[in-house]
Amino acid sequence: MTFKHFTPIVRWKYWLNSWHQMDWMLFFLTLGISIFGGLMILSTELRQPVADWFWHWLVTGIGVVIAMFLARSRYENLMKWHWVTYALTNLSLIAVMIIGTSAKGAQRWISIGGFNVQPSEFAKVGLIITLAAVLHKRTASTLENVFRILAITAIPWALVFLQPDLATSLVFGAIVLGMLYWANANPGWLLLMISPVISTILFSINWPLSEPINVFNILFFGVLGLVWVVAMGIVGWYTLPWRQSVLNGIGASALNLLGGELGVFVWEHILRDYQKNRLTVFLRPGYDIFGVGYHQHQSRIAIGAGEVWGWGLFKGPMTQLNFVPEQHTDFIFSAVGEELGFVGCLVVLLVFCLICFRLLRVAQTAKDNFGSLLAIGVLSMILFQLIVNVGMTVGLAPVAGIPLPWMSYGRSAMLTNFIALGLVQSVANFRRQRRKYYS
């Protein structure tokens, strides 16, 4: 036998070598949870003349192809085009406001070839790429660079918020905080950034939701809010780099006091009615369970009915009789809880924990800051969506319209997650490579 007889085998090995450093555990975990998500969607639609489960699996297949292609492409090339990516991201969000289609009180979709595309989902990846490239050049170790990152984020964030899409704008915030922390921003600065939001909640939690007014609650949260204001003043005193440390503390406290008034203004003039209803349901459990609180109330009942082992796949009465609205999208976790029980929920959460661990591992072993920041941006996006989605199905978070990654039905969201996965796999694939020999 001559060497030419082995040529196809050698070529096959070199072709496979294009992915030899991929994180295969991460790949198969995400693929498995995607297939499982389609199975749960099928369970919610057995008695309905729809086939969203088929589209879910079809988009999964397309997403896998995209992820594999991105995994063998050098992610470093994105640095040269990050401002182009940023511009296209903003243009797509502007296009939604001009030619987008409206549904459920929001204008978030563009119809292309009969399919609705949601640019705000893809904007998450665009923002991650842009911030990773900027932070690769200049870390967040100075306030000047932190403000630069916030300014870059402000434009796409505002465009998403105006759709209105409060849920995705919150995801943007989680991405920015995670990437700033990884880029050496002082944790005290990050705490000061989100502190006015916490002050708003503490000072406004009983307004206008108290019917009748509960004086004890108002006093309790008022005192708690004042303690928070003083604490933030101390944080500002010790962490802000400006010379007048006392003024830093006073300014941080004043900003948090302003948060209380800001909460009333936001409630009256910015939030839409459906957003107010969602917050009301969260802050007042049991509020209007046959109206605005119906979704979350039914979801909690379904999860509780599953007990330890669940009713069995395709056997959950509330899932099969469609008692949980939007169960195939935002509330898919309630189907897991009812049909597979507490044990099934734990297994799903364990899989997501492993996915997050592998994303963190890729970030730690990346060969440069750009790749590491890409992985952390994706980790921040996935982790935040996981916490909020699971939290809202069990009543620990307000209903926010955030899908469960790789499990909820949503073509734009699914493709976004696989594009993000492909970028992370590229970071893993092009780490310090070990030399391989073939005989």
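In which hand of crossing does α6 pass α7? Please note before we look that this is a predicted model. The answer is that α6 passes α7 in a right-handed crossing.

Let us describe this pair in more detail. Two packed helices are described by the angle between their axes and by the distance between those axes. For helix α6, residues 143-161, and helix α7, residues 166-182, the axes come within 9 Å and cross at roughly 165°. An angle over 145 degrees counts as roughly antiparallel, and therefore α6 is roughly antiparallel to α7. On the α6 side, the residues in contact are V146, I149, L150, T153, P156, W157, V160 and F161. They meet L166, T168, S169, F172, V176 and L180 in α7.

Which residues of α3 are buried? They are D52, H56, V59, T60, G63, V64, A67, M68 and A71. As a general point, an α-helix has 3.6 residues a turn, so residues three or four places apart point the same way. The cover over the buried residues of α3 includes α2 (24-44) and α16 (411-429).

The contact involves residues of α3 including W55, I62, I66 and L70, and residues of α16 including M414, F418, G422 and Q425.

Q425, which lies in helix α16, is my next example. Is Q425 buried or exposed? With a relative accessible area of 1%, Q425 is buried. Its side chain reaches the backbone nitrogen of D23 at 2.9 Å. Leaving aside residues up to four places away in sequence, Q425 touches M22, D23, L26, F27 and A71.

Finally, consider K137, in helix α5, residues 119-137. K137 counts as exposed, at 57% relative accessibility. Although K137 and M79 are 58 residues apart in sequence, their C-alpha atoms are 10.0 Å apart in space.

Thank you for your attention.

Technical notes. Residues are numbered from 1 along each chain as its sequence is written. This is a predicted model: local features need pLDDT of at least 70, side-chain atom pairs count only at pLDDT 80 or more; totals for chains, interfaces and linings use all residues. Side-chain values use heavy atoms; hydrogens and water are left out. Buried means under 20% relative accessible area, exposed over 50%, partly exposed in between (1.4 Å probe, protein chains only). Helices (H or I, at least four residues) and strands (E, at least two) are DSSP runs, numbered from the N terminus. Contact means heavy atoms within 4.5 Å. A polar contact is a pair of N or O atoms within 3.5 Å; within protein, one must be able to donate a hydrogen and the other to accept it, and residues adjacent in sequence count only if both atoms are side-chain atoms. Axes are lines fitted to C-alpha atoms, for helices over the stretch in contact, and angles run from 0 to 180 degrees between N-to-C directions. Angles under 35 degrees count as roughly parallel, over 145 as roughly antiparallel, 65 to 115 as roughly perpendicular and the rest as oblique. A crossing is left-handed if the near helix is turned anticlockwise from the far one by less than a right angle, and right-handed if clockwise.
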